[in-house]
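This report goes through one protein structure, from the overall fold down to a single residue. Please look at the sequence and the model first.

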Amino acid sequence: MDLVEISERERLSREDAAARLHALADALARNNEVEFERGGLRFTVHVPDQVDFKLEIEIDDEERELEVELKW
């Protein structure tokens with residue numbers, strides 16, 4: 001299978017970002033797949049029972065970054 005990569009950035013309120021994270025967390029807890037819709041296309045990603053979880057925090061003078069990665 002060829003690599004499929006979807007990347008998007010947008011500015012959200014902290015509350016809206018939290019709502020998106022909650023929705024993703026709820027989907028992970030409920031199902032073994034997560035669905036995304038982008039550009040009129042629907043993507044379904046199968047998620048196994050065990051995943052590798054990575055949390056990365058970067059802090060410098062001008063910017064802060066919190067990155068969460070799930071891999072399997």
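## Overall fold

The model is predicted. The protein contains 1 helix and 4 strands, and read from the N terminus the elements follow the order α-β-β-β-β. The radius of gyration is 14 Å, whereas the globule rule gives 11 Å for 72 residues; the value is well over that figure, so the protein is more spread out than a compact globule.

Along the principal axes, the C-alpha atoms occupy a box of roughly 40 × 30 × 30 Å. Of the contacts with a separation of 6 or more, 16% are between residues 24 or more positions apart.

## Burial, surface and charge

Of the 72 residues in the protein, 4% are buried. The accessible surface amounts to about 7,100 Å², and carbon and sulfur atoms contribute 48% of this area.

The protein carries 10 positive and 21 negative charges. The mean position of the positive charges lies 4 Å from the mean position of the negative ones.

## The β3-β4 hairpin

Strand β3 spans residues 52-59, and strand β4 spans residues 64-71. The two strands run antiparallel and are joined by 8 bridges. A hairpin of 4 residues connects β3 to β4. In this pairing, I59 is opposite R64 of β4.

How many of the 8 residues of β3 are buried? The count is 0, and the strand is hardly covered. As a general point, side chains in a regular strand alternate between the two faces of the sheet.

## V47, a buried loop residue

V47 sits in the loop between β2, which covers residues 41-46, and β3. Is V47 buried or exposed? Its relative accessibility is 8%, and the cut-off for a buried residue is under 20%, so V47 counts as buried.

Which residues does V47 touch, leaving aside those up to four places away in sequence? They are L28, N32, E33, V34 and W72. W72 is 25 residues from V47 in sequence, and the C-alpha atoms of V47 and W72 are 7.8 Å apart in space.

## Summary

Strand β3 has 0 buried residues, while V47, in the loop between β2 and β3, is buried at 8% relative accessibility.

How values were computed
Residues are numbered from 1 along each chain as its sequence is written. This is a predicted model: local features need pLDDT of at least 70, side-chain atom pairs count only at pLDDT 80 or more; totals for chains, interfaces and linings use all residues. Side-chain values use heavy atoms; hydrogens and water are left out. The radius of gyration is taken over C-alpha atoms; the globule rule is 2.2 Å times the number of residues to the power 0.38. Buried means under 20% relative accessible area, exposed over 50%, partly exposed in between (1.4 Å probe, protein chains only). Contact means heavy atoms within 4.5 Å. Accessible areas come from the Shrake-Rupley method with a 1.4 Å probe; for residues, only the protein chains shown count as cover. Lys and Arg count as positive and Asp and Glu as negative; His and the chain ends are not counted. The place of a charge is taken as NZ of Lys, CZ of Arg, CG of Asp or CD of Glu. Two strands pair if DSSP finds at least two bridges between them.
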